[in-house]
Amino acid sequence: MKPTRLFDFADYQLANHPQKECFLYKEDNQWIKISTQEYIDQAHKVSASLLALGIEKNDKIAVITTNNNPNWHILDTGLLQIGAQNVPLYATLSEKDYAYVLNHSDAKYCFVSDQELYDKVKKVQDSTHVKKVFSLQASEEDFSWNAFLEMGTATDRSEEIAGLKKRVLPEDLATIIYTSGTTGTPKGVMLSHQNIVGNVFKTSQALDVSGDHKRILSYLPICHIFERAASYYYQYLGYQIHFAESIELLGDNIREVKPHFLAVVPRLLEKIFDKIVDKGSQLSGIKKALFFWAISLGEIYKPYGKNGSFYTFKLNIARKLIFSKWQEALGGNLEFMLSGSAPMQDRLIRVFLAAGIPIFEGYGMTESSPAITLNDLRNEGLKIGTVGKPLAGLDVKIASDGEILMKGSSVMMGYYKNEEMTQKTIIDGYLHTGDIGEIDAEGFLKITDRKKEMFKTSGGKYIAPAVLESELKQSRFIEQIMIIGESEKMPAALIQVNFEFAKDWATRKRLDPATILTHERFINRIQKEIDFHNQKFGKWEQIKRFELTTDEWSIEEGHLTPTLKMKRKVIKEKYKDLYQKIYNS
């Protein structure tokens, strides 16, 4: 029977694709395996322990993990099947944010992945409703994972659990996901079982995926709906889910696991591409010439053989000599990558398609559970520069002001304890996404900007920052860039250069890498990059001035969300002196 509730995916796998290696994680340099049966048995132990703690239907359990791990999924299934709700939180939140979300969500218990998070939550526990903080790790402590599981062993609760499972309805609330807060206080998005389950099946219709026993590498934050929905889909298909050790070891884990599919966010793929190009730059002679010839060939790639037969002939040579090495570096089995979360550079999509590693860009948001549109190679379903066509059964239209509106079974139940914001966001059944876009004659959706991020200069001209930023990030000199200029006379930019590339450039030019950010030659070189990319835009859109930041923009320092999107307000505040320098000097 097809799953209708999130915890059904585990039972479905056991009945249809039982795995000896359902989950795999690394410990002491060895991959530890958990079978489907062990996964379900452990989830029942979780249910029993939660019931022993007095957890009832509609109680909330918060979960915070630094790196994805099997116990997150075991806990998720165990709490959902007794009618409780999972409130996943990012490991990068501040103590103040934890206090706010734990309070707002009414979380009764909180589970954390490590000692650092345990200490962080313990500091704010007294100001919340949280009764106890447990660890997802085994240890001798009374708050450990094994101590928690032991709590449910005194009484046989199997009949009680079975009865509670039956009473959970597809339309019941499953999770509250707090937005990462790029624009102020986090909002609690309420998603039902059927919101996510339905979206998983709609997405599966849009993807050409077949066969079980394939390998997946889980590394994007599991508290984000993109990775979470993907994990349910992998369970449904009977895939082995390997958990990456960390984002720093991702490259090593990819080569080791040799995954068949990879979910990516644009910033990560940009970093992968930059590393590939850096290696190519270190080649010499004919090898270097061939490398950059292959990239230039990839940059003009068009799907479905539209470049012509001579291009295809050259591409086959490039794939054999150059791109095959890229495939090996990504494990050698990669069938495609799925990209979401933020706009992807067209150039990257073309190059990876040419390399035989398709990137299918999609579009969605937490409030839509998550996917709304998706590109796919079948039936002319891929169009570079767009985020694909709407998933089956979803109604997508453009409002008079250009905002993308979406209606369907994936639309959230609303914002937790915020009826006013819910009413503003869902009008006549349509989710108002906050994104600006257009639908072309073939039905493909193109995102042009975030409604809240678009701004007017003092001259009354509209600026779409994301479009400019995506274009300029193609420069190897630019790691991050934020366009500014709301109500100012002109658009300008705050730039974090690619420090590694800048250092190499300085060495080649026999300049001191330590002082390169203030050197006139380097400033002029960045200006040259901006002048080149400015040509693609109207005069009112072109960047007139810029300033370089001396530090790296990171999640830890608050510049970026956990999915590597910029926190614009934070960045503007951090560099207010540079902002003033641009506009008041």
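1. **Ground rules.** The model is predicted, with residues numbered from 1 along each chain as its sequence is written; local features need pLDDT of at least 70, side-chain atom pairs count only at pLDDT 80 or more, and totals for chains, interfaces and linings use all residues. Side-chain values use heavy atoms, leaving out hydrogens and water.

2. **The overall fold.** Helices (H or I, at least four residues) and strands (E, at least two) are DSSP runs, numbered from the N terminus. Along its principal axes, the C-alpha trace spans about 75 × 55 × 50 Å.

3. Of the 585 residues, 56% are buried (buried means under 20% relative accessible area, exposed over 50%, partly exposed in between, with a 1.4 Å probe and protein chains only). Among contacts with a separation of 6 or more, 65% are between residues 24 or more positions apart; a contact means heavy atoms within 4.5 Å.

4. In α17 (residues 499-508), the residues F501, A502, W505 and A506 are buried. Seen down the helix axis, the buried residues of α17 fall within an arc of 140°, so they line one face of the helix (the arc is that of the directions from the helix axis to the C-beta atoms). An α-helix has 3.6 residues a turn, so residues three or four places apart point the same way. On the other side of α17, E500, K503, T507 and R508 are exposed. The cover over its buried residues includes α11 (266-281), β25 (492-497) and α18 (520-534). Just after α17 comes R510, with a positive phi of about 60°.

5. **Helix α14, mostly covered.** In α14 (residues 346-354), 7 of the 9 residues are buried: R347, L348, I349, V351, F352, L353 and A354. These buried residues pack against α11, α12 (285-298), α13 (309-329), β12 (336-339) and β13 (359-364). Just after α14, G356 takes a positive phi of about 85°.

6. **Backbone spots worth a look.** Most residues other than glycine have a negative phi, and most peptide bonds are trans. Between S369 and P370 there is a cis peptide bond, with omega about -5°; P370 sits in the loop between β13 and β14 (371-374). D28 is not a glycine, yet has a positive phi of about 50°, and lies in the loop between β1 (23-27) and β2 (30-34). N29 is also found in the loop between β1 and β2, and its phi is positive at about 65° although it is not a glycine. D28 is exposed, with a relative accessible area of 72%, and N29 counts as exposed at 60%.

7. Q37 belongs to helix α2 (residues 36-52) and is partly exposed, with a relative accessible area of 38%. Q37 and A10 are 27 residues apart in sequence and 8.9 Å apart in space, C-alpha to C-alpha.
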